[in-house]
Amino acid sequence: MTNPQNTRFPEAEYKDQGLPEYSENPLISALPQIMSPIEVAKALSKRPHYQPEELNLPCHIRTHAINRLTRDFFVPQTNHILIEQKLSKLIRCSYLNRNPEKATFKRKLNSIRDLVQKEDLTTYIHDQADSPASSMTIAGISGAGKSTTTNLVLNTYPRVIYHPKYHMLQVPWLKVDCPHDGSLSDFCLSFFIALGRRLNIDYRAKYASGRPTIGKMMADVADLCLIHAVGLVVIDEFQHMSLAKSGGEKKMINFLVTLVNVVEVSVVLIGTPKALRLFASEFRQARRASGDGSVVWDRLPKDESWEDFLEELWPYQWLHRIVERSEPLTNKLYELSQGVPDIVVKLFCLAQSRAILLADAPQEEALSSELLTQVFEDEFSIVKPMLDALRSGNRRKIEECNDLIFPKLESNMINAVNQLVAKPLEKAKSIDLGDPAETSIANAAIETITSMGIARDIAQPLVTDALAKDQDLKLIQIIQLATTALTNTKEQKAKKPKPEYTSRKSWPQLSKNDLRKLYAGKSGSMYEAVVEQGINYPMQGLLAG
């Protein structure tokens with residue numbers, strides 16, 4: 001419980017959740033209303049800003065625009081909707097026994113806090129628990145979209161909700177990233193930092209200073225979950241958890257079971273299959289098989305999902321020549337990426353940057369199977385072992401490759417721009433009129449006119465035409481004649497004669513070759529009138545020949 005002064009967090013707005021057990025609980029009714037699958041798909045969809053006019057931008061700016069795809073492109077699939085539904089239930093069920101409207105709420109809160117502070121959290125909790133909170137694991141290969149999807153779903157919920165009536169700051173969810181090769185104490189430290197940032201409170205200094213024991217840190221984590229009504233704790237990159245440093249998997253499992261069974265906070269573990277396989281059986285046994293199951297996150301299968309993904313991705317090309325998606329290109333992309341969305345998007349972006357870099361002319365900027373292969377060979381060598389394992393279908397090989405770090409798109413894009421900058425700059429082509437003095441003044445006039453925003457291919461003929469009429473013209477006179485000619489041309493285009501309108505009553509007065517006159521004087525059908533005049537095409541002769 002908290003008593004924030006002048007809080008800047010949004011106040012709770014209580015909504016009907018459709019179920020009495022939900023709507024009668026302020027911690028649940030303050031959450032957004034439960035979404036339908038269609039609403040989920042709409043909420044998760046992301047598309048980057050794109051305008052055809054950006055194709056006219058210089059190449060070094062277009063490479064920056066391409067990078068939007070890595071930040072703002074997301075196509076919801078069936079798995080994503082399933083994740084949202086599961087997380088929606090996990091958050092709400094963790095609050096079922098924590099209702100501040102009930103008289104037993106404070107008593108239970110105090111008893112649980114006392115239990116957390118006194119119990120040894122390194123031993124299993126074998127007592128039958130009536131906790132409605134649950135747990136889930138999300139396992140999948142790197143780059144498949146586990147963390148991205150979870151982040152998108154969690155961000156549909158408020159980060160903090162202030163309940164003035166109960167003087168409480170509610171944190172519906174908290175995501176904690178496991179530090180690389182981290183221990184249980186490192187995880188607790190990450191928890192303090194994450195919650196402190198969320199609430200603008202320095203919990204790291206309060207709970208992690210003075211070298212506290214692991215037991216004390218675990219108790220403080222559990223206590224904070226109660227104080228701030230944390231509904232869901234998501235532990236991402238769980239494969240980084242070091243069992244040796246944490247004192248073995250049982251110690252970590254005991255801690256997670258305490259959060260679920262005693263503190264009544266739902267827990268989600270996200271990681272690679274190899275890491276979560278070590279914990280799955282132990283976690284299920286400790287939870288009395290009451291968990292909410294697991295989701296195995298695989299690559300995109302080569303079916304309608306793959307086609308839909310590419311159909312949405314393909315239009316976002318910042319190239320001067322946009323090629324239609326063909327079967328060879330579709331197959332090549334899948335062969336190279338094996339349907340891993342992160343690789344598909346990054347390969348698509350880097351191939352566009354390479355096309356811009358290598359093109360000597362705008363019409364050469366285009367995607368091709370050869371270009372995709374070359375970019376993949378140059379930029380994605382680090383993930384080849386994983387992709388080879390995926391092609392083989394060997395589970396053990398796949399698990400051995402799951403800790404690979406994906407190449408950073410940003411660094412590769414910067415390298416591409418560096419290569420682009422290193423290329424010799426194109427110099428504006430000068431004209432040569434034979435006479436040095438005449439050539440000099442002509443080029444000076446062209447430079448002046450182009451600096452006014454007029455294209456060089458327009459300025460050059462204007463200047464040469466002016467000098468052809470009088471070779472003794474001065475610079476200012478050439479510029480004046482050229483700009484006047486340009487203005488006259490624009491005015492002539494603007495004053496195009498409008499076509500004369502002939503009313504239907506006047507059709508009989510038109511020339512005999514005008515079909516409107518024929519139409520006005522016909523007695524039967526128009527076809528009969530055309531045949532009678534002998535102006536129909538001799539189709540019979542054509543067919544006979």
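Reply: Helix H6 (residues 78-93) packs against helix H8 (residues 146-154) at an angle of about 50°, and their axes lie 10 Å apart. Helices (H or I, at least four residues) and strands (E, at least two) are DSSP runs numbered from the N terminus. Axes are lines fitted to C-alpha atoms, for helices over the stretch in contact, and angles run from 0 to 180 degrees between N-to-C directions.

The model is predicted: local features need pLDDT of at least 70 and side-chain atom pairs count only at pLDDT 80 or more, while totals for chains, interfaces and linings use all residues. Residues are numbered from 1 along each chain as its sequence is written, and side-chain values use heavy atoms, with hydrogens and water left out.

H6 and H8 are therefore oblique to each other (under 35 degrees counts as roughly parallel, over 145 as roughly antiparallel, 65 to 115 as roughly perpendicular, and the rest as oblique).

On the H6 side, His-80, Ile-83, Glu-84 and Leu-87 meet Thr-149, Thr-150, Val-153 and Leu-154 of H8, where contact means heavy atoms within 4.5 Å. By class, this contact holds 4 nonpolar, 3 polar and 1 charged residues. Ala, Val, Leu, Ile, Met, Phe, Trp, Tyr, Cys and Pro count as nonpolar, Asp, Glu, Lys and Arg as charged, and the others, Gly among them, as polar.

Helices H22 (residues 436-451) and H23 (residues 456-469) pack at about 140°, with axes 9 Å apart, which makes H22 oblique to H23. Their crossing is right-handed.

Methods:
Left-handed = near helix turned anticlockwise from the far one by under 90°.
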